[in-house]
Amino acid sequence: MKIYLDTANLNEIREAARWGILSGVTTNPSLLAKEEGADFQDTIRTIAGLVDGPISAEAVSEDADGMVREGREFAAWHPNVIVKVPCTAAGLEAVARLKEDGIRCNVTLIFNANQALMAALAGAFVVSPFIGRLDDISQDGTDLIREIAAIFEQDHDIETQILAASIRHPRHVIESALAGAHIATCPLRVLKQGLTHPLTDRGIERFLSDWRAREATRTPAAAGAGSE
Ligand code: G3P
């Protein structure tokens with residue numbers, strides 16, 4: 001499973017990009033709104049220069065013509081830009097029309113398998129089931145991932161990838177991978193939570209302590225011999 005970063009914050013992207021784990025970035029209007037004063041196009045183009053992979057930019061039009069117009073504009077910003085549209089009738093039409101232009105789409109705000117199947121049949125590059133928001137209403141978000149993966153696997157014509165979104169904690173990442181998601185788009189906070197383990201920290205402390213104790217007992221001659 002690939003990891004995308006779910007943010008429009010350039011410093012967060014620079015930090016996670018240094019780890020060598022990112023295959024893309026997803027943004028949305030709420031994430032952009034957190035970056036006060038940021039120009040949308042400049043932000044997306046800068047992100048595309050930081051991470052070599054699909055960068056999702058979301059259309060805000062509610063009609064197909066508007067989504068297509070925005071999508072063509074976004075796609076001209078950088079070859080890696082993919083266009084996010086909501087899973088509505090207008091969104092499906094926009095996906096089908098943009099695909100004819102060779103423009104890839106991320107169909108977002110997906111909450112059931114019917115939406116995911118129709119988005120794939122319309123030609124979506126990726127579909128984004130929001131698993132955290134399903135958990136919020138006492139439904140199992142990763143069950144939806146499993147359902148979509150099973151449906152997509154049955155139809156060999158479907159090349160659409162499952163991008164698990166609305167990831168709230170490290171178990172969402174693992175459970176999405178086990179359920180068949182191709183990608184999980186994660187906040188940096190979740191990646192840091194998943195990377196940190198107290199036994200790793202304790203193990204580092206122990207190794208360093210033992211090493212320092214060894215160094216303290218070595219004679220200067222032995223120390224010299226060891227450095228030849
Ligand atoms: O990629 C979608 C994500 O940004 C939504 O997350 O936590 O607002 O459901 P959340």
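## Residue classes and the model

Ala, Val, Leu, Ile, Met, Phe, Trp, Tyr, Cys and Pro count here as nonpolar, Asp, Glu, Lys and Arg as charged, and the others, Gly among them, as polar. By these classes, the lining of the largest pocket holds 9 nonpolar, 10 polar and 9 charged residues. The model is a predicted one.

## The largest pocket

The space in the largest pocket comes to about 580 Å³. Its lining is made up of 28 residues. Nearest the centre of the pocket lie Asp 6, Asn 28, Leu 31, Lys 34 and Arg 133.

## The ligand and its shell

Where does the ligand sit? The ligand is found in the largest pocket. Around the ligand are Asp 6, Asn 28, Leu 31, Phe 130, Arg 133, Ala 165, Ser 166 and Arg 168. By class, this shell has 3 nonpolar, 2 polar and 3 charged residues. Leu 31, Phe 130 and Ala 165 are the nonpolar members, because Leu, Phe and Ala count as nonpolar. Asp 6, Arg 133 and Arg 168 are the charged members, because Asp and Arg count as charged.

Which distances separate oxygen atoms of the ligand from N or O atoms in the side chains of Asp 6, Arg 133 and Arg 168? For the side chain of Asp 6, the distance from a ligand oxygen atom to an N or O atom is 2.6 Å. For the side chain of Arg 133, the corresponding value is 2.7 Å. For the side chain of Arg 168, it is 2.8 Å. Each of these pairs is a polar contact, because the cut-off for a pair of N or O atoms is 3.5 Å.

On its own, the ligand has 310 Å² of accessible area, and the protein covers 79% of that area.

## The second largest pocket

About 240 Å³ of space lies in the second largest pocket. This pocket is lined by 15 residues, and Lys 99, Gly 123, Ala 124, Phe 125 and Thr 160 are the closest to its centre. The elements that supply two or more residues to this lining are α5 (89-100) and α6 (113-122). Divided by class, the lining of the second largest pocket has 8 nonpolar, 3 polar and 4 charged residues.

Notes:
Residues numbered from 1 in each chain as written. Predicted model: local features only at pLDDT ≥ 70, side-chain atom pairs only at ≥ 80, totals over all residues. Heavy atoms only, no water. Near = heavy atom within 4 Å. Polar contact = N/O pair within 3.5 Å; in protein donor to acceptor, adjacent residues only side chain to side chain. Areas by Shrake-Rupley, 256 points an atom, 1.4 Å probe, with all protein chains shown as cover. 1 Å grid on protein atoms, 1.4 Å probe; cavity = no way out; pocket = protein on both sides within 12 Å on 5 of 7 lines; lining within 4 Å. Sits in = over half its atoms within 2 Å of the grid points. Points joined across faces, edges and corners; volume = space filled by probe spheres on them. Helix = DSSP H or I, 4+ residues; strand = E, 2+ residues; numbered from the N terminus.
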